[in-house]
Amino acid sequence: MIELQNIDNKTGWLVMKRISIAMTLTLIAGAAVAQNINGPTYNDAGAVNSPTDWRQWIFVGAPLTPNALNGGEAAFPEFHNVYVEPSAFAHYVDTGEWANGTQIAKELTLLHEGDNCDEETGACFEVSGQGYFQGEFSGLELTVKDTERFADEPGGWVYYSFGHKPEPYETTAQAFPTESCNSCHEASADTDFVFTQFYPVLRAVQPKE
């Protein structure tokens, strides 16, 4: 606490004014840091531009739901390598919340194939044992949160695909219709439309209550 008992009114007012200004600047700086997110860029038509460095982002996991375990018709039969843009990850670590501008990339890879792989199950026998191994890249998707730009989307989240195919991927993408992705994320994702329940890297940094 600041002692002003021995300071005249004018001097005391100046001291308090300076303290007030300093506190305001500190709060503004803190807010700026909190929202200093490296968000995506968009072209003039409103399409999002593909990130160029997603493989240098924070890798959080690679879920797999192969055809062999889903009646031969899995909705997502590839590995999904998931990366979070570093500034968004840092904000999540600090606050437990996904900030506006958050980017989460999902790169698809086919299952590894070879002479030592079972045609029916898709599993392969390699030096580490029998299991599923990653093959070739087969697509790139992006999730973005922005409650201001996408105010009409549930949670402010939108979902993009730069092609379900080998590289090179498309350089821009338009958002999927709301009903294509948002409803599943809203109903089943643990943390603000993100499936944190499947990513121990994300669970490990969640603030503990």
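**Aromatic pairs and nonpolar cores**

Phe150 is buried, at a relative accessible area of 14%. The model described here is predicted. Across the whole structure, 5 aromatic pairs are found. One of them joins Tyr42 and Phe150; the ring centres lie 6.3 Å apart and the planes meet at 65°, so the pair is edge-to-face. This pair links distant parts of the chain, 108 residues apart. Tyr42 lies in the loop between α1 (9-34) and β1 (48-49), and Phe150 in the loop between β7 (134-145) and β8. The ring of Tyr42 also carries a charge: the charged end of Arg149 sits over it, 3.5 Å from its centre. A further charge of this kind belongs to Lys106, whose charged end sits over the ring of Phe76, 5.6 Å from the centre.

Tyr92 and Trp98 form a stacked pair, because their ring centres are 4.1 Å apart and their planes are at 10°. Tyr92 is buried, with a relative accessible area of 0%. Trp98 is buried too, at 3%. Helix α2 (residues 86-95) buries Tyr92 along with Ser87, Ala88, Phe89 and His91. Just after α2, Gly96 adopts a positive phi of about 75°.

The largest nonpolar core holds 19 residues. Val84, Trp98, Trp157 and Leu202 touch the most other members. β3 (79-84), α2 and β8 (157-161) each contribute at least two residues. The largest share, 3 residues, comes from α2. Beyond its neighbours within four places in sequence, Trp98 contacts Val84, Ala88, Tyr92, Lys145, Trp157, Thr191, Asp192, Val194 and Leu202. Another core, of 14 residues, lies apart from the largest one and includes Tyr83, Leu140, Leu142 and Ala173.

Notes:
Residues are numbered from 1 along each chain as its sequence is written. This is a predicted model: local features need pLDDT of at least 70, side-chain atom pairs count only at pLDDT 80 or more; totals for chains, interfaces and linings use all residues. Side-chain values use heavy atoms; hydrogens and water are left out. Buried means under 20% relative accessible area, exposed over 50%, partly exposed in between (1.4 Å probe, protein chains only). Helices (H or I, at least four residues) and strands (E, at least two) are DSSP runs, numbered from the N terminus. A nonpolar core is a set of buried Ala, Val, Leu, Ile, Met, Phe, Trp, Tyr and Cys residues joined through side-chain atoms within 4.5 Å. Contact means heavy atoms within 4.5 Å. Rings of Phe, Tyr and Trp (its six-membered ring) pair if their centres lie within 6.5 Å; planes under 30 degrees apart count as stacked, over 60 as edge-to-face and the rest as tilted. A charge sits over a ring if NZ of Lys or CZ of Arg is within 6 Å of the ring centre and within 35 degrees of the ring normal.
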